[in-house]
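Me: I've got a structure to go through with you. Can you keep it short?
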Amino acid sequence: MEYSGTWREIWTQKGEMEGGIDDLYIYDGWEKSKADIKTTAYKIRKELDIKPDDRVLEIGCGAGALAQYLECEYIGIDFSRSLLKKHIEFFGNSVLYGEANDIPFKDKWFDKTFCWGVFLYFESLEYAEQVLREIVRVTRSGILIGELPLESHDKKHLLYTKEMFDGWILEDAWTKKYKGKRFIAKKREENL
Ligand SMILES: C[S@@+](CC[C@H](N)C(=O)[O-])C[C@H]1O[C@@H](n2cnc3c(N)ncnc32)[C@H](O)[C@@H]1O
C-alpha cells in the first residue's frame with residue numbers, strides 16, 4: 001500500500017488498513033524488522049526495570065507491538081486514532097489520543113516513560129524539545145527514548161544531534177543495522 005501526506009496522515013492511513021493482529025508489525029511500521037520487536041521490548045523492560053505495579057507511559061504507542069510484551073500499569077498515547085482503535089481491539093490497553101508534546105497528566109504521574117521509533121516523525125526540533133520537557137515533567141524514575149537518528153535514508157525523517165541531549169545518558173543503537181547511525185537517550189531517577 002502507498003501512503004502519502006504528513007506523518008500524521010500516513011500513520012492514520014496505516015491504521016485504516018484492513019487487517020487483524022497478524023498484521024501488527026505492518027500497523028506499527030516494523031514489517032521490515034519484525035524479529036527485533038520482542039527483543040527490543042524485553043530490553044526496554046530490563047533497562048527501565050519495569051515492574052508489574054509501575055505506571056508506565058508509552059509515547060507513540062501505535063497498535064501495541066511493543067506494549068504486548070509489557071507487564072505493568074500501562075498507558076499509551078498516540079496521534080493516530082485508527083492505530084489506537086487497533087491497539088484497543090488487539091490488547092484492550094488504556095490508550096489515549098493526543099500529541100506527544102502535550103501530555104495530559106500531572107507532574108511525575110508515571111514511574112517510567114518510553115518512546116520508541118517516534119522522534120524521527122516529529123515536525124521540528126522545537127516540537128521535539130517540547131516533547132522532551134513533557135516527558136521529564138510527567139516521569140518520576142526512568143526514561144528511555146530510542147532510536148534517535150543521526151542520519152537516515154529517508155529525507156522526511158527528522159535528524160538529531162547528541163548535543164541536543166545534554167544531561168542525558170546516551171548509548172549507541174541496539175539494532176545492528178543502525179549502529180553509529182542512531183542512538184538511545186535515557187534518564188534515571190537521580191537525573192529527574
Ligand atoms: C513506528 S510507530 C511505533 C509504534 C510503537 N512505539 C512500537 O514501537 O510498536 C510510530 C508511532 O508514533 C506515532 N506518532 C508519531 N508522531 C507522533 C506525535 N507527534 N504524537 C503522538 N504520536 C505520534 C505514530 O502514530 C505511530 O503510532
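Reply: A word on UniProt first: its positions are given in the numbering used here, feature names are shortened, and annotations may be inferred rather than shown by experiment. This is a predicted model, where local features need pLDDT of at least 70, side-chain atom pairs count only at pLDDT 80 or more, and totals for chains, interfaces and linings use all residues. Residues are numbered from 1 along each chain as its sequence is written, and side-chain values use heavy atoms, without hydrogens and water.

Me: OK. Which residues does the "domain: Methyltransferase type" annotation cover?
Reply: Residues 57–142, according to an unreviewed UniProt entry.

Me: How much helix and strand is in there?
Reply: That stretch is 29% helix and 28% strand. Helices (H or I, at least four residues) and strands (E, at least two) are DSSP runs, numbered from the N terminus.

Me: Which way do β1 and β2 pair?
Reply: Parallel, over five bridges. Strands pair if DSSP finds at least two bridges between them. Arginine 55 stands opposite glutamate 73 in β2.

Me: And how many bridges join β1 to β4?
Reply: Three, and these strands also run parallel. β4 spans residues 110–116. There, lysine 112 is the bridge partner of valine 56.
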